[in-house]
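Student: Could we go through this structure together? I would like to understand how its parts are arranged.

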Amino acid sequence: DRGAAGSMPAPPLVDFLVAAYERYADGDPAAAEILLPLTPLFTLELLYNLGLIKELLVRRRIIRHAVTRTPIPQLDAVDQRDVERMLRRLPAFTSP
């Protein structure tokens, strides 16, 4: 019931946020459970911000590459494997 006013968490995962909100608005009190598998990704977003956002957008085939004009924290090989493992837990996630 608190909402997320003033916040735009995880833009590349917005479809999951919308699905949870729509179910909640339709009266499903358990709708937030849709978001539980995403919580590790939300935590990584706090660490890597644009680096993770762009990586997820690439994996969802929304953008072609994760290159940025300015230096940003980059996911290393361990982070990449962690992200892949987290994404496999999301059945509706589109990955190459």
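**Helix packing and loops**

Tutor: H2 and H4 cross in a left-handed sense. Please keep in mind that this is a predicted model.

Student: Which residues make the contact there?

Tutor: On the H2 side they are Pro40, Leu41, Leu44 and Tyr48, and on the H4 side Asp79, Val83, Met86 and Leu87. By class, the residues of this contact are seven nonpolar, no polar and one charged.

Student: And what angle do the axes of H2 and H4 make?

Tutor: The axes of H2, residues 39–48, and H4, residues 77–88, cross at roughly 150 degrees and come within 10 Å. An angle over 145 degrees counts as roughly antiparallel, and H2 and H4 are therefore roughly antiparallel to each other.

Student: Let me step back. How many helices and strands does the chain have?

Tutor: There are four helices and zero strands. Read from the N terminus, the order of elements is α-α-α-α.

Student: How much of the chain is buried?

Tutor: Of the 96 residues in the chain, 30% are buried. The chain exposes about 6700 Å², and 58% of that comes from carbon and sulfur atoms.

Student: What share of the contacts links residues 24 or more positions apart?

Tutor: Such pairs account for 58% of the contacts in the chain with a separation of 6 or more.

Student: Is H3 mostly covered or mostly open?

Tutor: H3 is mostly covered, as eight of its ten residues are buried. These are Gly51, Leu52, Ile53, Lys54, Glu55, Leu56, Leu57 and Arg59.

Student: What do the buried residues of H3 pack against?

Tutor: They pack against H2 and H4.

Student: Then how do H3 and H4 cross?

Tutor: Their axes come within 12 Å and cross at roughly 55 degrees. That makes H3 oblique to H4. The crossing of H3 and H4 is right-handed.

Student: Which residues meet in that case?

Tutor: Leu52, Glu55, Leu56 and Arg59 of H3 meet Gln80, Val83, Glu84 and Leu87 of H4. The contact of H3 with H4 has four nonpolar, one polar and three charged residues.

Student: Now the loops. Where is isoleucine 72, and what is it in contact with?

Tutor: Isoleucine 72 lies in the loop between H3, residues 50–59, and H4. Apart from its neighbours within four places in sequence, isoleucine 72 is in contact with Leu50 and Gly51. The C-alpha atoms of isoleucine 72 and glycine 51 are separated by 6.5 Å, although the two are 21 residues apart along the chain.

Student: And alanine 31, buried or exposed?

Tutor: Alanine 31 is buried, with a relative accessible area of 1%. Its place is in the loop between H1, residues 14–25, and H2. Neighbours within four places in sequence aside, alanine 31 is in contact with Ala20, Arg23 and Tyr24.

Student: How far is alanine 31 from leucine 17, going by C-alpha atoms?

Tutor: Their C-alpha atoms are separated by 9.9 Å, and the two are 14 residues apart along the chain.

Student: I would also like to check the backbone. What is phi of asparagine 49?

Tutor: Phi of asparagine 49 is near 40 degrees, a positive value in a residue other than glycine. Asparagine 49 sits in the loop between H2 and H3. At 46% relative accessibility, asparagine 49 counts as partly exposed.

Student: What about arginine 61, which has a positive phi although it is not a glycine?

Tutor: Phi of arginine 61 is about 65 degrees. With 57% relative accessibility, arginine 61 counts as exposed.

Methods:
Residues numbered from 1 in each chain as written. Predicted model: local features only at pLDDT ≥ 70, side-chain atom pairs only at ≥ 80, totals over all residues. Heavy atoms only, no water. Helix = DSSP H or I, 4+ residues; strand = E, 2+ residues; numbered from the N terminus. Buried < 20%, exposed > 50% of the residue type's maximum accessible area, 1.4 Å probe, protein only. Contact = heavy atoms within 4.5 Å. Areas by Shrake-Rupley, 256 points an atom, 1.4 Å probe, with all protein chains shown as cover. Axes fitted to C-alpha atoms, helices over the stretch in contact; angles between N-to-C directions. Parallel < 35°, antiparallel > 145°, perpendicular 65-115°, else oblique. Left-handed = near helix turned anticlockwise from the far one by under 90°. Nonpolar A, V, L, I, M, F, W, Y, C, P; charged D, E, K, R; others polar.
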